[in-house]
Amino acid sequence: MSVLSIRNLETFYGAIMALRGVSIDVQQGEIVAILGANGAGKTTLMKTIAGLMDPEKGTISFMGEAISGLDPDRVVAKGISLVPEGREVFPYLTIEENLKLGAYTRKDSASDDLELVYSYFPILKERRRQSAGFLSGGQQQMLAIGRGLMARPRLMMLDEPSLGLSPLLTQEIFGIIARLNSEQGVTMLLVEQNAHIALATAHHGYVLEMGRIVMAGTAEKLRASADIQEFYLGRSGETQRDQKRWKRRKTWR
């Protein structure tokens, strides 16, 4: 079942076209990764889905319903939760207050979900009365993911979850992301520059360059691609003329 379906999406920053006819699909129960370098349009895509930016053209369908151009609060109410780049926690509120803010659109009790978050992030329970501003970068990322879970989303979007984290913390965060998907069935769309860990975690992936999709497929297919290995996984080598292979043109161009 398709949770998210995007067709021919175009979004502008002023006169600059940031997304150029982007089309993606996210199936229920899957993790889908969007790979790309800085400036590729990844964050613009997330903001457009979340209602923080309006598309110029194209359609966004969520659970079969058009959501293009909806205000962000209505997008959240539909069941889409965004964990933004840079975490954006509320530093002067306690950890528990930050988490409870994630459930503001819900009408029912969120106490069970609070305990679920604490079961995945025990450090947050230990420090729940402390101000979020005193957390480390990795702990703030845990808090941001936990806050997103509090909305009980049908789709969780994560924008650069490894940003600013050490390799060890990155492994820990992505291990929890994989567990949430497999144990809780959380469908996820994640934007990530670290192609190694993204493709090791995701089921499917898309490569975004200069605002357009240049490659798509299963994570296994992308990992096996010579272009992905060379330009995103860093597996360079030498040609017969002892020239670095990164000098060749990408085959998707």
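In this predicted model, the side chains of Lys125 and Glu115 meet in a salt bridge, with 3.5 Å from N to O; a salt bridge is taken here as a side-chain nitrogen of Lys or Arg within 4 Å of a carboxyl oxygen of Asp or Glu. The pair links distant parts of the chain, since Lys125 lies in helix 5 and Glu115 in helix 4 (residues 111-120), 10 residues apart. Helices (H or I, at least four residues) and strands (E, at least two) are DSSP runs, numbered from the N terminus. Lys125 is partly exposed, with a relative accessible area of 35%, and Glu115 also counts as partly exposed, at 42% relative accessibility. For these terms, buried means under 20% relative accessible area, exposed means over 50%, and partly exposed lies in between (1.4 Å probe, protein chains only). Residues are numbered from 1 along each chain as its sequence is written, and side-chain values use heavy atoms, with hydrogens and water left out. Because the model is predicted, local features need pLDDT of at least 70 and side-chain atom pairs count only at pLDDT 80 or more, whereas totals for chains, interfaces and linings use all residues.

A search of the whole structure finds 10 salt bridges, and those that share partners join Glu96, Lys100, Arg128 and Arg129 into one network. Glu96 is buried, with a relative accessible area of 10%, whereas Lys100 is partly exposed, with a relative accessible area of 47%. Arg128 likewise forms a salt bridge with Glu96, and here the closest N and O atoms are 3.9 Å apart. This second pair links distant parts of the chain, with Arg128 in the loop between helix 5 (122-126) and helix 6 (137-149) and Glu96 in helix 3, 32 residues apart. At 27% relative accessibility, Arg128 counts as partly exposed.

The nonpolar residues were examined next. A nonpolar core is a set of buried Ala, Val, Leu, Ile, Met, Phe, Trp, Tyr and Cys residues joined through side-chain atoms within 4.5 Å. The largest such core has 47 residues, of which Leu124 and Ile145 touch the most other members. When residues up to four places away in sequence are not counted, Ile145 touches Val83, Phe121, Met156, Leu158, Ile173, Ile177 and Leu180, contact meaning heavy atoms within 4.5 Å. Apart from this core lies another, of 27 residues, among them Ile6, Ile24, Ala40 and Ile49.

Among the strands, which are said to pair if DSSP finds at least two bridges between them, strand 1 (residues 2-13) and strand 2 (residues 16-27) pair in the antiparallel sense over nine bridges. Leu9 has Val22 in strand 2 as its bridge partner. The two strands form a hairpin with two residues between them, and Gly14 in the turn has a positive phi of about 60°.

Strand 3 (residues 31-35) is mostly covered, five of its five residues being buried. Ile31, Ala33 and Leu35 point one way from this strand, while Val32 and Ile34 point the other way. Strand 3 runs parallel to strand 8 (residues 188-192), to which five bridges join it, and the partner of Ile34 in strand 8 is Val191. Four bridges also join strand 3 to strand 9 (residues 204-209), again in parallel, with Leu35 partnered by Val207 in strand 9.
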